[in-house]
Amino acid sequence: MTAPAPTLGVVVVNYKRHDLLRGCLTSLAASTRRPERIVVVDNATDPDALVAAVTGFPDVTALGNTGNPGYSASCNQGWRAAGTDLVLFLNADVTVAPDCLDRVVAALVADP
């Protein structure tokens, strides 16, 4: 019997780069493997800019922090919200190739 495929979450930590965030989310939406959860953790949030950046991406969960708790705290916040077996952490300036998520999951679950 084959084990079920692990669930994948993507956490995108953003700090005042809403201009790049849409590109990151667009590349995730074009992936051949869709993550079960995409969580954007926006630090020192500008609520209007955050809403504009995630509009059109209904599967994205956006968490806005009024301050900047730092990258690691934001990653942990996103990880808790993702609730998936695997989590990929990205910065807002990252765009992924269409097969990137397939390759990441395959590498993580491969027998050594």
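## Salt bridges, a helix pair and a surface patch

Arg 17 and Asp 19 form a salt bridge, with 2.7 Å between the closest N and O atoms. Arg 17 is partly exposed, because its relative accessibility is 38%, while Asp 19 counts as exposed at 54%. Do keep in mind that this is a predicted model.

| Salt bridge | N to O distance |
|---|---|
| Arg 17 and Asp 19 | 2.7 Å |
| Asp 59 and Arg 34 | 3.5 Å |
| Arg 103 and Asp 99 | 3.9 Å |

The pair Asp 59 and Arg 34 meets in a salt bridge and links distant parts of the chain: Asp 59 lies in the loop between H2 and S3, Arg 34 in the loop between H1 and strand S2 (37-43), 25 residues apart. Arg 34 is partly exposed at 42% relative accessibility. In the remaining listed pair, Arg 103 is exposed at 58% and Asp 99 partly exposed at 34%.

Now to the helices. Helix H1 (residues 18-29) packs with helix H2 (residues 47-54) at an angle of about 25 degrees, their axes being 9 Å apart. Angles under 35 degrees count as roughly parallel, so H1 and H2 are roughly parallel to each other. Their crossing is right-handed.

Gly 56 sits in the loop between H2 and strand S3 (60-64) and is exposed, at 65% relative accessible area. Gly 56 and Leu 25 are 31 residues apart in sequence and 9.7 Å apart in space, C-alpha to C-alpha.

Finally, the surface carries a nonpolar patch formed by Tyr 71, Trp 79 and Phe 89, with about 330 Å² of accessible area together. Trp 79 belongs to helix H3 (residues 71-82) and is partly exposed, with a relative accessible area of 47%.

Key. Residues are numbered from 1 along each chain as its sequence is written. This is a predicted model: local features need pLDDT of at least 70, side-chain atom pairs count only at pLDDT 80 or more; totals for chains, interfaces and linings use all residues. Side-chain values use heavy atoms; hydrogens and water are left out. Patches are made of residues with over 30% relative accessible area and no salt bridge: like charges are joined within 9 Å, nonpolar side chains (Val, Leu, Ile, Met, Phe, Trp, Tyr) within 5 Å. Accessible areas come from the Shrake-Rupley method with a 1.4 Å probe; for residues, only the protein chains shown count as cover. A salt bridge is a side-chain nitrogen of Lys or Arg within 4 Å of a carboxyl oxygen of Asp or Glu. Helices (H or I, at least four residues) and strands (E, at least two) are DSSP runs, numbered from the N terminus. Buried means under 20% relative accessible area, exposed over 50%, partly exposed in between (1.4 Å probe, protein chains only). Axes are lines fitted to C-alpha atoms, for helices over the stretch in contact, and angles run from 0 to 180 degrees between N-to-C directions. Angles under 35 degrees count as roughly parallel, over 145 as roughly antiparallel, 65 to 115 as roughly perpendicular and the rest as oblique. A crossing is left-handed if the near helix is turned anticlockwise from the far one by less than a right angle, and right-handed if clockwise.
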